[in-house]
Amino acid sequence: MQFRFSDKSLALQDSLEQFFRAEILPRNREWHAHTSKHGAAPPFLAALKAEARKRGLWNLGLPDLRDDQPGTRLTNLEFAPLAAIMGRLPWAPIVFNCNAPNVPNMEMLQKFGSVDQKRQWLDPLLEGRIWTAFGMTEPDVASSDARNIRTSIRKDGADYVIDGRKWYISGANHPDCKMLLVVGVIDPDASSAAKHSVVIVPMGTPGLEIVRPVPAFGRDREFAAELVLRNVRVPQSNLLGEEGAGFAMGQARLGVARVHHCMRSLGSCDVLIQLMRGRASGRRAFGRPIGEFANVQDMIALSRIELEQARLLVYKTAWLLDEGGAAAARREISMIKVAVARTFSAIADRAVQVLGAMGVSDDTPVSSAYTAARAMRIYDGPDEVHLRTLYRLEPDEVAGDSAHYLLGERGL
Ligand SMILES: Cc1cc2nc3c(=O)[nH]c(=O)nc-3n(C[C@H](O)[C@H](O)[C@H](O)COP(=O)(O)OP(=O)(O)OC[C@H]3O[C@@H](n4cnc5c(N)ncnc54)[C@H](O)[C@@H]3O)c2cc1C
């Protein structure tokens with residue numbers, strides 16, 4: 001693997017770091033005060049987005065942009081450290097138009113959208129003017145196996161008619177969400193990997209109803225929305241890509257989503273380690289700073305080791321994606337999904353411990369990082385599904401090798 005970052009990426013890292021420290025971090029308190037009171041982003045977001053764009057820090061996570069589309073066209077490896085910087089605060093990626101679920105949706109539209117679909121949805125997304133959501137998961141079926149999805153998409157004249165229930169749909173309840181990509185069954189008789197399609201459903205289409213935000217971990221903060229589609233009618237021109245290609249497109253989208261979530265989570269882990277370190281030197285117990293206790297030192301040192309292991313695996317995955325596309329990075333994408341989510345969980349758990357009651361309270365980012373890390377082991381595919389994939393992708397042993405080694409030890 002090539003470890004050196006390009007000059008372009010290094011310059012952008014520098015610029016992003018400065019912008020983050022000067023313009024974003026100082027506004028974190030105001031962001032939380034405003035969003036918890038009004039349920040919407042504060043007015044200063046628009047000015048931050050404009051400034052980020054002016055400085056060339058815009059659409060950084062889209063390697064396949066055309067020359068006439070706004071953005072930097074960085075490779076995945078060039079983007080990885082930038083995503084980690086913005087990942088230090090959950091809302092920071094929005095400032096640079098690098099946030100989920102919009103970026104993976106942009107990738108899907110770029111790859112599979114028609115000229116009209118791109119004009120209507122991709123262009124405003126690239127400008128950061130709208131939000132979109134991706135509706136796959138359903139409360140009534142085990143959605144970690146996407147072939148189970150049962151929302152129906154039925155042809156009726158020149159239209160599709162859609163019926164189903166979705167939940168945990170990130171961004172669907174955002175005030176600027178204008179469109180939902182719905183995954184459903186279009187051909188029940190086709191093979192399980194060829195029966196689904198993706199259809200564009202504009203928000204506000206009659207029959208599409210947001211039922212509720214889904215509360216999570218006993219917190220007010222909602223992760224995502226539950227929604228129903230009852231007799232929702234859209235023209236057949238709203239089909240994304242080809243009929244029956246929904247499963248494959250969904251998997252392609254998840255690849256990008258997973259890698260970006262992992263990149264951003266590296267930044268969250270960095271913040272947690274910093275918070276532990278700060279608390280360890282300032283807080284005294286039993287006559288000394290708690291950082292002088294070996295167990296606290298170990299927790300911080302182990303967190304750093306695990307984070308750097310995860311970071312290198314993420315960089316390797318990004319590099320493989322650049323070199324050979326998603327197929328070349330298939331194993332590593334599953335590896336980082338498990339490794340980063342577990343590392344993030346372990347570090348967040350230690351941070352709660354080192355900060356004591358303050359780590360449990362909502363006064364620091366630790367408690368929300370703790371729940372976010374736990375959720376990460378479920379979304380983008382639960383750990384178990386990736387572990388199973390990895391087991392299956394283990395290279396075949398050269399015939400008889402392992403038996404040879406085992407028996408050889410005892411001279412049998
Ligand atoms: C914060 C958050 C955001 C989300 N955002 C979105 C979104 O924007 N759009 C969207 O469509 N969905 C979204 N999801 C949903 C997410 O993709 C699903 O929760 C995930 O795919 C798992 O599906 P499930 O919840 O139905 O779990 P299930 O499929 O019911 O699985 C439950 C458990 O069964 C076990 N299991 C499943 N398969 C296997 C296996 N092969 N081997 C061993 N054990 C197994 C695992 O322990 C797994 O956790 C989000 C979820 C969360 C938590």
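This is a predicted model: local features need pLDDT of at least 70, side-chain atom pairs count only at pLDDT 80 or more; totals for chains, interfaces and linings use all residues.
**View 1. Helices H4 and H8 cross each other.** Take a look at helix H4 (residues 76–86) and helix H8 (residues 246–282), whose axes come within 7 Å and cross at roughly 40°. That angle makes H4 oblique to H8. The crossing of these two helices is right-handed. On the H4 side you can find Asn76, Phe79, Ala80, Ala83 and Ala84, and they meet His260, Met263, Arg264, Leu266 and Gly267 of H8. Sorted by type, the residues of this contact are six nonpolar, three polar and one charged.

**View 2. The largest nonpolar core has 85 residues.** In soluble globular proteins, nonpolar side chains tend to be buried together. Here, the residues with the most contacts inside the largest core are Ile24, Leu60, Trp91, Val95, Phe96 and Ile162. Helix H10 (residues 330–355) gives this core its largest share, 11 residues. Another core, of 23 residues, lies apart from the largest one and has Leu62, Leu125, Leu181 and Val198 among its members.

**View 3. Gln110 sits in helix H6 (residues 102–112).** Is Gln110 buried or exposed? Its relative accessibility is 16%, and buried means under 20%, so Gln110 counts as buried. Beyond its neighbours within four places in sequence, Gln110 is in contact with Asp64, Leu65, Arg66, Gln69, Lys118 and Leu122.

Technical notes. Residues are numbered from 1 along each chain as its sequence is written. Side-chain values use heavy atoms; hydrogens and water are left out. Axes are lines fitted to C-alpha atoms, for helices over the stretch in contact, and angles run from 0 to 180 degrees between N-to-C directions. Helices (H or I, at least four residues) and strands (E, at least two) are DSSP runs, numbered from the N terminus. Angles under 35 degrees count as roughly parallel, over 145 as roughly antiparallel, 65 to 115 as roughly perpendicular and the rest as oblique. A crossing is left-handed if the near helix is turned anticlockwise from the far one by less than a right angle, and right-handed if clockwise. Contact means heavy atoms within 4.5 Å. Ala, Val, Leu, Ile, Met, Phe, Trp, Tyr, Cys and Pro count as nonpolar, Asp, Glu, Lys and Arg as charged, and the others, Gly among them, as polar. A nonpolar core is a set of buried Ala, Val, Leu, Ile, Met, Phe, Trp, Tyr and Cys residues joined through side-chain atoms within 4.5 Å. Buried means under 20% relative accessible area, exposed over 50%, partly exposed in between (1.4 Å probe, protein chains only).
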